[in-house]
Each structure stands twice: as C-alpha cells, then as structure tokens.
Amino acid sequence: MGKKGKTARLKRKPAPAFWPIHRKELPWVVKPQSGSHSLEKCVPLTLVLRDMLGVAETRKEGKLILTQGKVLVDGKIRKRDESPVGLMDVIAMPESGKYYRVMPSHKGLVLASISKDESNFKLLRIESKNTVTNGVQLAFHDGSVMLIKVADPKNPVEVQYETFDILKVTYLEKTINATLKTKEGNLAVITGGKNIGITGKIVEIEKTEAKKRRQALVTIEDAKGTRYQTIMDFVFTLGEAVPMVNTLEAVA
C-alpha cells in the first residue's frame, strides 16, 4: 500500500538553495513545519539560530534556547525549532538586545539588523480580500488574516485597501498605522526571480487587460539608474521617498 500524505523529513540536497547548509555533510536537514510560509520561501528557526546567527552550535542547543522562550517571531514566543520564518518576519531576542527582519537579497533570504523600535511593526502585503458575514477579510503574504468590520458587508465603502497594498501593522495589537500603494514613484524590493533583492523606484507598471494583474510587468530603477523588469507578484513596496524598514545591514 502506498504512503499517504507528506513526509516530515527533508534531505539536504533538495532543500532551498539559499539555506546556509553543507549539502554533503549530512543526509538530513530540519524541515519547516507547515504554516505561514511555503518551503521555498522560508527558513526553519533552528537554521536561523545555528547557521545564520551562530548563537547555537548544534540543533540541540538551538532547541534549548527556544524552549526557554528567548526567541520571539512577530512578537510571539516560538518554542518549536521547525517554525518557519519568511519575508518581513521580525525575529527578536530581547535578552541580548538583538532584532532582525527577514529581507530578500541576491542570496535569497537574509537577516537585516534593526532597532528595537523598528521591531514593533511589520509590513504586510495584501494578497486577497473577501467579503464575509461581518466585514471584509484581508489575507496577507505571510498567511495571516485580518477582519475589518464594516456597517454593510454588501457595500464595504469604508475599506479602501486593494490587492498588493502594503499595510504597516503593529503585530501584537493588529493596528494599521500606514498604507502604501504599489504604484509608480514608490520604492520597492524584488522578492523573487533572478533579480531578487534589487531595491529601487517603480518607474512603470504595465496596464493589464487580457491577463491577471499578478503577472503584470513592473520596471524598477535602482540608485545607479539601472532598470530591471519583473512581475507584480515579485514586487514588495517599502516606502515613498524613503523605505519604512532597514534594507542595508544584512548580517546573514
């Protein structure tokens, strides 16, 4: 009888290329648990602590740190070393005063060092919105959702948010502090494809009529004036004149 369901194991060779692991040192690697991010777009916490930050030498040491409640992801204590972290997630270690945000780079995903104040919020991209019984439900890129209550769900005029808008949210209170439109003139970072990690100004967005907006071509110009083309699905707006988050001090 054939096996059913997904395997809980992952070999090192087919693991995402950006994971900082030796491919031939050992046969197995920690597989992220199913959750907020897909396998190709996340890193398990144990690799973050051991291979990216170097605060643990072995998986056993990483588990000990986590079970003691010393690591927070988006303001919540994480105790499972298979927990996935992905784009824009905030990793905090208050005891050591270290705070990081997961950012895209040419390597894949890296950790950008941030201040304690910046660790209090997160940028969320709206992937879809749906009308439900008591309001409008927004679904974000990290798998989380937010319900916005309205007077008339059949005519939610209060909700002006659109797909691909970026919301600046304090993740504990789920309070929206700012909204960014994915439009020409704003700053954005490319999150996928061969130009991943490129940050620059959106100079042109293709008008979509016969295809989905997610596949629309977007042209981004970096600080040197070089232009790159990608699809809307790989564009994450960071700010208007200046980015809302640190995009520079990558540590791993």
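Select strand β15 (residues 187-190) and strand β16 (residues 199-205). The two run antiparallel and are joined by three bridges. Find A188: opposite it in β16 stands G200. Strands here are DSSP runs of E of at least two residues, helices are DSSP runs of H or I of at least four residues, and both are numbered from the N terminus. Two strands count as paired if DSSP finds at least two bridges between them.

A note before moving on: this is a predicted model, where local features need pLDDT of at least 70 and side-chain atom pairs count only at pLDDT 80 or more, while totals for chains, interfaces and linings use all residues. Residues are numbered from 1 along each chain as its sequence is written, and side-chain values use heavy atoms, with hydrogens and water left out.

**The sheet around β15**

β15 and β19 pair antiparallel, over four bridges. I190 is the place to look: V235 in β19 stands opposite I190.

Is β19 enclosed or open to the outside? Five of the five residues of β19 are buried, so this strand is largely enclosed by the rest of the structure. Buried means under 20% relative accessible area, exposed means over 50%, and partly exposed lies in between (1.4 Å probe, protein chains only).

**A second sheet**

Select β10, β11, β12, β13 and β14 next. They form an open sheet of five strands in the order β12-β11-β10-β13-β14, with antiparallel pairing. β12 (145-149) and β14 (175-180) are the edge strands, each pairing on one side only. Neighbouring strands of this sheet are turned by 40 degrees against each other on average, direction ignored.

Zoom in on β13 (residues 166-170). Five bridges join β13 to β14, and the two run antiparallel.

- L167 stands opposite T179 in β14.
- V169 has I176 in β14 as its bridge partner.

β13 and β14 form a hairpin with four residues between them. Click K174 in the turn: its phi is positive, about 55 degrees. β13 is mostly covered, with four of its five residues buried.

**E127**

Stay in β10 (residues 122-132) and select E127. Is E127 buried or exposed? Its relative accessible area is 18%, so E127 counts as buried. Show its surroundings, leaving aside neighbours within four places in sequence: E127 is in contact with A139, F140, H141, T163, R214 and D233. Contact means heavy atoms within 4.5 Å. For scale, E127 and Q160 are 33 residues apart in sequence and 14 Å apart in space, C-alpha to C-alpha.

**The ring of F121**

Select F121, then R101 and K168. The charged end of R101 sits over the F121 ring, 5.1 Å from its centre. The charged end of K168 also sits over the ring of F121, 4.5 Å from its centre. The rule asks for NZ of Lys or CZ of Arg within 6 Å of the ring centre and within 35 degrees of the ring normal.

**Helix α1**

Go to helix α1 (residues 45-52). It is mostly covered: six of its eight residues are buried. Colour L45, T46, L47, V48, L49 and M52 to see the buried ones. Past the helix comes G54, with a positive phi near 70 degrees.

Pick T46 in this helix. At 1% relative accessibility, T46 counts as buried. Apart from neighbours within four places in sequence, T46 is in contact with V30, D51, R59 and D81.

**Zoom out**

Finish with the whole protein. It has two helices and 19 strands. Its C-alpha atoms fill a box of roughly 50 × 50 × 45 Å along the principal axes. Of its 252 residues, 45% count as buried.

Key:
Axes are lines fitted to C-alpha atoms, for helices over the stretch in contact, and angles run from 0 to 180 degrees between N-to-C directions.
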